[in-house]
Amino acid sequence: MDVWPEPLPPAPNQLKQRASAAEGLLCLLTDRIDAELLDASPSLKVIANYAVGCDNVDLAATAARNIPVGVTPDVLTEATADLTWALILAAARRLPEAQQAVKQGAWRTWEPAGWLGLELNNATLGIVGRGRIGGAVARRAQGFGMTIISTGSRDDPTALDQLLAQADVVTLHCPLTPATRYLIDASALDRMKRTAILVNTARGAIVDPGALKTALRSDAIAGAALDVTEPEPLPADHPLLQSPNLLVTPHIGSATHTARERMADLAVDNLLAGLAGEPLPHPAPDS
Ligand code: DGY
């Protein structure tokens, strides 16, 4: 067994070299598993991704080589929905700005028009992606008295346009695929209400960061909260971070003790099944 010992991910050539004799690979979403790596690892029998998303794995390349890919569904659904909800509340009620004001001594009195935000009760939540996490977010929204609208990948593209036009909060829960890369681009942001907020806990590249920066700076939308970014990690001097009304967290959707332990269990179950030549208990969709 070879365990990468560093806190930062291996560079592609380091991963290629270390995996060259491996029969099984338990990898993170920061590891790119592509045709070049697979060709350099001829003994590989299984890829066990320690994530439910698998856009880091070239599924066409693994399928062409009959290498099964496993993921970690279900066990991070509630944790990710909780974090989504924390971001929705924080962005709606402008918590980062409010806290900064307190720390900077700008809290002078109770102001009737100070730090006004969006009231979630009776507001409309637009959920992009009808999978497990989108569903768990919808359940939470019911408790807040929100109207829920959603679109899925099989919907007509005009459904997304309608959702963007109607929603007070747009939250993204679709996988990153060629079809969803930059799904939220300048024209999508333009369709949103000026009072609306955008939340992304799915994958950074679903949102065009340049377009989001422009939208935030021109007040085309009221705010955004991102747990995932493009690029990731987002460098501290990235221009997007200068945008007003933006909250960014470091991809912590599944970062609860419970979820991360259960993800490890599922990843190991996939790995052991693949090594034994058995069907994976949690295969990647379309793998
Ligand atoms: C996943 O599993 O895809 C998540 O993004 C990890 O938090």
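Start by selecting Asp-219, which lies in the loop between H9 and S8; helices (H or I, at least four residues) and strands (E, at least two) are DSSP runs numbered from the N terminus. Asp-219 is not a glycine, yet its phi is positive, at about 55°. At 45% relative accessibility, Asp-219 counts as partly exposed; buried means under 20% relative accessible area, exposed over 50%, and partly exposed in between, with a 1.4 Å probe and protein chains only.

A word on what you have loaded: this is a predicted model, where local features need pLDDT of at least 70 and side-chain atom pairs count only at pLDDT 80 or more, while totals for chains, interfaces and linings use all residues. Residues are numbered from 1 along each chain as its sequence is written, and side-chain values use heavy atoms, with hydrogens and water left out.

**Zoom out**

Now show the whole protein, with its 10 helices and nine strands. Along the principal axes, its C-alpha atoms fill a box of roughly 65 × 40 × 35 Å. Colour by accessibility and 46% of the 287 residues come up as buried.

**Helix H4 and the pocket beside it**

Next, select helix H4 (77–92). Among the buried ones are Trp-85, Leu-87, Ile-88 and Ala-91. Step just past H4 to Arg-94, where phi is positive at about 55°.

Which residues lie nearest the centre of the second largest pocket? They are Ala-91, Arg-94, Glu-97, Ala-222 and Asn-245, out of 18 lining residues. Besides H4, helix H5 (95–103), strand S8 (223–226) and strand S9 (246–248) each give two or more residues to this lining. The pocket holds about 330 Å³ of space. On a 1 Å grid over the protein atoms alone, a pocket is an open set of points with protein on both sides within 12 Å along at least five of seven lines, a cavity is a set where a 1.4 Å probe fits but cannot get out, and lining residues have an atom within 4 Å of a point. Points are joined across faces, edges and corners, and a volume is the space filled by probe spheres set on them.

To find it, select its lining: Gly-204, Val-207, Pro-209, Leu-212, Leu-226, Val-228, Thr-229, Glu-230 and Leu-240.

Keep Glu-230 selected, for its peptide bond to Pro-231 is cis, with omega near 0°. A further cis bond joins Glu-232 and Pro-233, with omega about -5°. Pro-231 is in the loop between S8 and S9, and Pro-233 is placed in that loop too.

**Last stop**

Finish at Asn-122, in the loop between H5 and strand S4 (124–128). Its phi is near 75°, a positive value in a residue other than glycine. At 61% relative accessibility, Asn-122 counts as exposed.
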